[in-house]
Each structure stands twice: as C-alpha cells, then as structure tokens.
Amino acid sequence: MVRPTKPKATREKKKILPLDREKALRFYRQMLRIRLFEEQVNQLYLSAKMPGLAHLYIGQEAVAVGVCEALRRDDYITSTHRGHGHCLAKGASVDRMFAELLGKEAGYCRGKGGSMHIADQELSNLGANAIVGGSAGIATGAAMSAKMRGSSQVAVCFFGEGALGQGLLYEVMNMASLWKLPVIYLLENNLYNEYTHYSETTSGDISARPQAFSIHTESIDGQDVALVYTATLRLVERARKGDGPSFLICNTYRFHGHHVGDIDRSYYRAKKEEEDWKSGRDPLKLLAAKLTRLKLADEKLLSEMGKEIRREIEDGVQFALNASYPDTSEVDQHVYA
Ligand SMILES: Cc1ncc(C[n+]2csc(CCOP(=O)(O)OP(=O)(O)O)c2C)c(N)n1
C-alpha cells in the first residue's frame, strides 16, 4: 500500500512570511522551551522518577506556539493527551507543570491529574483530555458561552487526526456552523493514530469533512511557525467578527513514539521517514535557519537563549523533585469519577 506522507491539502499556503524580530525570537524561545521541557520529561521517565507515561510533543512545537501566540490570554484552548506543548504555549509555568507530572501538591491539579489532565483556568486553558476527541464538546460549549456573553473570546480545540473517527466532532461542528460559534477546530495531523498510519483509518479527503458543514477550512505546513501564526490570526479575526467556526489542518509529525515507552517503532513506521523529518522538517531548525538567514539572530544569541531556557528547565525539575506530595487526608478530594 502506498502511503501519502502528507494529507491532500485544500489550500496549501507556501508564501514565505516576513518576520518581526521580537516576535520571531519569542516564537523561538517558546518552541525551545517546549522542546527542552519534553526532553526532560523523557529523562524523568527513563530514570523512573515520573509515575506513569507521557506523550511527547517534540516535532509539533510550531503548531502550539503559532496558534497560542495569535490568541488573547482570555481566549480558550482545549488540549489532548499530547498536551504539554499547548499548556506551555498558553503560558503555563514550567515549575507547576513538572510538579503536576511528579504528583506534587504544587502542580496544576495538586498532583492528582498528571500529564493528561493539566488545566489552568487563569490562562483559559480548559484542559488536556485523555479521551480522544473528548474536548470537541468542551471547546464548542466554551465558544457558545463566549458568544452568548458577547465577550469576543475565541475557543481553539486542538486534536489529532485520530479524533476524526469520533462522532462527537461532527455533532458539534454542525452546531458550531449553524450558530456561527467562535471556535477553531485545530487538527494536528502527525500522520499516526498510535501505531497506525492515518490513511488506514481515515477515508476520503479530510478537508471535505468540515466543508460538508460549510465550515471554512485551510490546510498548512505545521512545521512553519510563522505560517501557523498568520493563519490563526486570520481565523481568530473572522471568529471575533461573528463569521463563525473554522477548521485548520496543520500537517506535522511527532518525532518520538506514541508515548515515552514506544521505543521500537520500526514495525509501524520507517526509520528513514523519522530521519527525514528530523533532519529536514524540524520546526526549531527551520526557524533558526530563517532567523540567521534574515539576520534577525546569530548563533551566539540562539545558544545563549538555549542556555537560559535549559537553566529554567533544570530549576523547574529540581523544584518539582523537592516539592511535597499532597497530604493523604485529601486523597478523595478534587477527584471525580
Ligand atoms: C475514545 C478513546 N479511544 C481510544 C483511546 C486510546 N488512544 C489514546 S491516544 C490514541 C491515538 C490518538 O491519535 P491522534 O488523535 O491522531 O493523536 P496523536 O496521538 O497522534 O497526537 C488512542 C486511540 C482513547 N484515549 N480515547
């Protein structure tokens, strides 16, 4: 079977975008923060300091950053099981994220949620979701509430292509289109649903699905942060104006396994495919090359930034390792089943 490496695009936008220096450096910093955070999460797993598993976002950083940089603080996001990048891009603190992953009281959910349940209402982050596609209803509901309150807030619903198999998505897209809700359905197509290529689970052209509900749809290169940012800005603007929902497909790739324990991937994807993405399509390398080419930064500046963020990550993980666990008396508090 011949596998497409990229889904068919409705509108592939290839324009090279001009970059404002300050913004471009901020994008780089945010993407690097996610990359180094995730590398540290992997280390915590390998050294058996983190309970459970985590799904690394490495390779997809340009999507979370490009999208969240185009949002206001009070705009909502909903996330997925692969959600650390979304949280950090929306402004979450590295300290509290690590504390949550290690089950500590200082974590975003007092250590009771872990990797797949981080939420922060102060940042309008309505939370990660371990149920594939589960956040589609939450994001659409948040958009409905924003519309009813006239708050001009927008909701962004992040999900992977595996969620295209969930019926809920189609129910809410229908409502969002009819009621012109300010929601952006943000599909990160990283090609694999766990260990299966999406072409084996998803029939037809993905874009045709939202378009069947008359939802404005675009498909872009998710490795180019500037492209993701400008596309999101456009969609946010139309949502705030009352023009209703949109569907943005960001074509991307996860560089690691489905979760930290997924080490041998050769039975479901070729090593060469991974190497090609890592060497030619790494969003951080692409942005660094663009910054130096446009003389917006040099290697010295980028390496200093790297050192600074590495320190922040090291301090964050030390903070979490030294933090205390919640008291056993609250074991049945804040937990819903
Ligand atoms: C409703 C539901 N079915 C199955 C699972 C098990 N599961 C966890 S992640 C995953 C694949 C998700 O793929 P995708 O949505 O493309 O996201 P990605 O992992 O690629 O980021 C599956 C099937 C689940 N968590 N929820």
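Which strand gives the most to the lining of the largest pocket? In this predicted model, the answer is strand 2, which contributes three residues to that lining. Strand 2 spans residues 155-160, and together with strand 4, at 192-193, it belongs to the strands that each supply at least two residues of the lining.

The pocket itself has a volume of about 380 Å³, and its lining is made up of 29 residues, with H81, R82, V132, G160 and H258 lying nearest the centre. Sorted by class, the lining comprises nine nonpolar, 15 polar and five charged residues.

It is in this largest pocket that the ligand sits. Around the ligand there are 15 residues, and the closest of them are H81, R82, A130, G162 and Y192; H81 and R82 were already named among the residues nearest the centre of the pocket. The shell around the ligand contains five nonpolar and seven polar residues, along with three charged ones.

A nitrogen atom of the ligand, in turn, is 3.3 Å from an N or O atom in the side chain of E194. Taken on its own, the ligand has 580 Å² of accessible area, and the protein covers 72% of it.

Methods:
Residues are numbered from 1 along each chain as its sequence is written. This is a predicted model: local features need pLDDT of at least 70, side-chain atom pairs count only at pLDDT 80 or more; totals for chains, interfaces and linings use all residues. Side-chain values use heavy atoms; hydrogens and water are left out. A residue is near a molecule or strand if one of its heavy atoms lies within 4 Å of it. A polar contact is a pair of N or O atoms within 3.5 Å; within protein, one must be able to donate a hydrogen and the other to accept it, and residues adjacent in sequence count only if both atoms are side-chain atoms. Accessible areas come from the Shrake-Rupley method with a 1.4 Å probe; for residues, only the protein chains shown count as cover. On a 1 Å grid over the protein atoms alone, a cavity is a set of points where a 1.4 Å probe fits but cannot get out, and a pocket is an open set with protein on both sides within 12 Å along at least five of seven lines; lining residues have an atom within 4 Å of a point. A molecule sits in a cavity or pocket if more than half of its atoms lie within 2 Å of its grid points. Ala, Val, Leu, Ile, Met, Phe, Trp, Tyr, Cys and Pro count as nonpolar, Asp, Glu, Lys and Arg as charged, and the others, Gly among them, as polar. Grid points are joined across faces, edges and corners, and a volume is the space filled by probe spheres set on the points. Helices (H or I, at least four residues) and strands (E, at least two) are DSSP runs, numbered from the N terminus.
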